[in-house]
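Subject: Structure for your review

Dear colleague,

Please find below the structure that I am handing over to you. I would be grateful if you could look through it alongside the notes that accompany it.

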There are 2 protein chains.
Amino acid sequence: MASSAPELSRRAREIVDTARALLEDEGPDALSMRRLAERLGIRAPSIYKHFADKREIEAALISVGFEEIAEAFEGAGRRGGLLGLGRAYRRFALEHPHLYRLMTSGPLPRELLTPGVEDRAALPLLDTLEGDADRARAAWAFAHGMAILELDGRFPPGADLAEAWRRGIAAFADG
Amino acid sequence: MASSAPELSRRAREIVDTARALLEDEGPDALSMRRLAERLGIRAPSIYKHFADKREIEAALISVGFEEIAEAFEGAGRRGGLLGLGRAYRRFALEHPHLYRLMTSGPLPRELLTPGVEDRAALPLLDTLEGDADRARAAWAFAHGMAILELDGRFPPGADLAEAWRRGIAAFADG
DNA sequence: GTCTATACCCGGATAGAC
DNA sequence: GTCTATCCGGGTATAGAC
């Protein structure tokens with residue numbers, strides 16, 4: 001049995017909260033054990049009494065992010081269909097760019113995540129597309145592509161991204 | 001006038017070729033000035049006689065990547081339409097995963113690129129979609145999302161990605 | 001165009017005292 | 001659960017000799 005994400009102590013949760021604030025305020029390079037300790041008012045080695053290594057802290061951040069995006073989706077999906085999901089997704093990415101990047105780039109440390117969070121975040125889209133997994137994967141790829149390319153400043157300055165989102169969502173709604 | 005990408009000397013081109021081989025063989029973390037010098041059989045400081053800094057070398061790699069993807073597109077687009085472009089795009093990403101990541105993640109150092117390469121790579125898709133820029137952006141986001149999520153192992157093990165690609169391409173072809 | 005020597009920065013992580 | 005001291009690794013980049 002994989003050990004995977006035991007509950008966190010109160011102090012561990014404080015550390016994760018602080019890590020999140022640090023990440024969101026200053027970006028991924030700032031999320032070092034030393035800088036995190038500094039924000040907590042302690043020394044870096046003390047953190048290792050609460051987490052085995054840095055990856056555990058990052059995994060906790062990713063789990064929190066998935067939970068939040070799942071909550072946003074669960075509201076938006078029923079009311080707003082595919083368009084509502086798209087808007088909620090884009091909003092999350094734009095409001096939490098550094099957290100979004102941490103959640104979506106590179107391999108996922110699945111063994112360290114809170115069990116079920118990944119599936120829970122994916123479910124509203126799958127439901128909205130009536131269980132069509134292939135279409136859901138394609139739609140997710142579209143949404144992630146739009147979000148990350150926007151965050152990275154890849155579209156031309158004048159581009160009407162709201163319109164590009166609409167076009168993509170319409171394509172997957174009808175298809 | 002921005003200076004942007006002067007022609008490279010022969011030695012500089014050798015350095016870029018070696019950097020590319022290093023990147024593709026061992027990934028982005030291996031692409032350090034020291035490791036690059038090691039492959040070249042020289043010492044790291046010597047590289048600075050040919051490039052001002054590491055960013056210039058990365059920009060040269062990105063320019064090369066854009067040129068290659070443009071060439072692949074220019075062939076594929078006329079024959080194969082949107083489906084042909086999609087196949088060419090996926091193939092490039094899977095065959096050069098580390099280069100693809102370097103080209104597509106994070107902000108683009110546009111001032112350092114060979115002028116015009118970015119537009120040239122984008123043009124075949126825009127042409128295929130008859131100049132509809134919003135649809136082209138959405139389709140590009142879909143393709144990038146599929147490619148990067150596949151490279152990062154984000155889809156479930158059993159997922160039929162060829163089918164997801166087909167669904168997405170069909171959606172943008174009809175839409 | 002290459003070298004040596006080096007400055008300077010940063011990172012994750014461990015040992016052992018308290 | 002915190003500390004100090006430390007290890008060990010890495011990185012980009014510069015100065016100045018040859």
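This is a predicted model: local features need pLDDT of at least 70, side-chain atom pairs count only at pLDDT 80 or more; totals for chains, interfaces and linings use all residues.

**Chain A and chain B**

The interface between these chains brings 36 residues of chain A into contact with 36 residues of chain B. The area buried between chain A and chain B is about 2800 Å², and carbon and sulfur atoms contribute 58% of that area. On the side of chain A, the residues that lose the most area to chain B are Arg137(A), Arg154(A) and Arg167(A). Together, these three arginines make up 25% of what that side buries.

As for specific interactions, 2 salt bridges are counted between chain A and chain B. Asp132(A) forms a salt bridge with Arg167(B), with 3.0 Å between the closest N and O atoms.

Which elements of chain A give two or more residues to the side that touches chain B? They are α5 (97–104), α7 (133–151) and α8 (161–174) of chain A. The largest share comes from α7(A), which provides 12 residues of that side. By class, the residues on the side of chain A that touches chain B comprise 17 nonpolar, 8 polar and 11 charged.

Of the atoms of DNA strand D that come within 4 Å of the protein, 51% belong to sugar and phosphate.

Residues of chain B approach phosphate oxygens of DNA strand D in the following ways:

- Met33(B) places a backbone N or O atom 2.9 Å from a phosphate oxygen.
- Tyr48(B) has a polar side-chain atom 3.1 Å from a phosphate oxygen.

Two or more residues of the surface near DNA strand D are given by α3 (44–47) of chain A, and likewise by α2 (33–40) of chain B. This surface has 5 nonpolar, 4 polar and 6 charged residues.

With kind regards

Methods: Residues are numbered from 1 along each chain as its sequence is written. Chains are lettered from A and ligands numbered from 1 in the order in which they are written. Side-chain values use heavy atoms; hydrogens and water are left out. Contact means heavy atoms within 4.5 Å. Buried area is the accessible area (1.4 Å probe) that two parts lose on being put together, summed over both. A salt bridge is a side-chain nitrogen of Lys or Arg within 4 Å of a carboxyl oxygen of Asp or Glu. Helices (H or I, at least four residues) and strands (E, at least two) are DSSP runs, numbered from the N terminus. Ala, Val, Leu, Ile, Met, Phe, Trp, Tyr, Cys and Pro count as nonpolar, Asp, Glu, Lys and Arg as charged, and the others, Gly among them, as polar. A residue is near a molecule or strand if one of its heavy atoms lies within 4 Å of it. A polar contact is a pair of N or O atoms within 3.5 Å; within protein, one must be able to donate a hydrogen and the other to accept it, and residues adjacent in sequence count only if both atoms are side-chain atoms.
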